[in-house]
Amino acid sequence: MKIFGHPIHIMLIHFPSALFPIHVLFALIGKYSFSIDLVKAGFFVLVMGCALGWLALIFGLIDLVSIYKKRAELMMKVLRHGVINTVVLIGFTMLAIAQMKTLPDLTEDSIILLILKAGLVILMIVGNYFGGQLILKYKVGVEP
């Protein structure tokens, strides 16, 4: 799906791709600097990353239907990208919901939680690599 000739999914994915690592960075710095303000800022960054991530997922699903009709041979590659990043989005969304329940008394993350979040970011990078291949190698979403 496009707006003014630009693929919406590709425009939106940049936000969660930037906001999730920033959230982890804020959580890490907030933990070791004992700055609850950074933890709070990180929470709002996480919420925005999740909101825009779900929006990107919706447009990605719309594109999935188009890809299936036009380029069915790429479906396994498309699904690999989509499944990996959906797992990441679900993971970060569950973490955001859990943190939302503690509002307004947010606390620093445990080491285990920081490791989990870092793992989700690494998994997101892998999923984004596969998405980048779809765009750059197979021209998905950017062909006329």
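The axes of helix α2 (residues 14-33) and helix α5 (residues 111-136) come within 10 Å and cross at roughly 160°. The two helices are therefore roughly antiparallel (an angle over 145 degrees). This is a predicted model, in which local features need pLDDT of at least 70, side-chain atom pairs count only at pLDDT 80 or more, and totals for chains, interfaces and linings use all residues. Residues are numbered from 1 along each chain as its sequence is written, and side-chain values use heavy atoms, with hydrogens and water left out.

**Contact of α2 with α5**

- The crossing of α2 and α5 is left-handed.
- Residues of α2 including Phe20, Val24 and Leu28 take part in the contact (heavy atoms within 4.5 Å) with residues of α5, among them Leu114, Val121 and Met124.
- By class, the residues of this contact comprise 12 nonpolar, 3 polar and 2 charged.

**Largest pocket**

- The largest pocket holds about 650 Å³ of space.
- Its lining has 31 residues, and His9, Gly60, His81, Gly82 and Asn85 lie nearest its centre.
- Two or more lining residues come from each of α1 (8-12), α2, α3 (36-70), α4 (75-100) and α5.
- Helix α4 provides the largest share of this lining, 9 residues.
- The lining of the largest pocket is made up of 18 nonpolar, 12 polar and 1 charged residues.

**Second largest pocket**

- The volume of the second largest pocket is about 230 Å³.
- Among its 12 lining residues, Lys2, Ser66, Lys70, Gly141 and Glu143 are the closest to its centre.
- Helix α3 gives the most to this lining, with 4 residues.
- The lining of the second largest pocket contains 5 nonpolar, 2 polar and 5 charged residues.

Technical notes:
Axes are lines fitted to C-alpha atoms, for helices over the stretch in contact, and angles run from 0 to 180 degrees between N-to-C directions. Angles under 35 degrees count as roughly parallel, over 145 as roughly antiparallel, 65 to 115 as roughly perpendicular and the rest as oblique. A crossing is left-handed if the near helix is turned anticlockwise from the far one by less than a right angle, and right-handed if clockwise. Ala, Val, Leu, Ile, Met, Phe, Trp, Tyr, Cys and Pro count as nonpolar, Asp, Glu, Lys and Arg as charged, and the others, Gly among them, as polar. On a 1 Å grid over the protein atoms alone, a cavity is a set of points where a 1.4 Å probe fits but cannot get out, and a pocket is an open set with protein on both sides within 12 Å along at least five of seven lines; lining residues have an atom within 4 Å of a point. Grid points are joined across faces, edges and corners, and a volume is the space filled by probe spheres set on the points.
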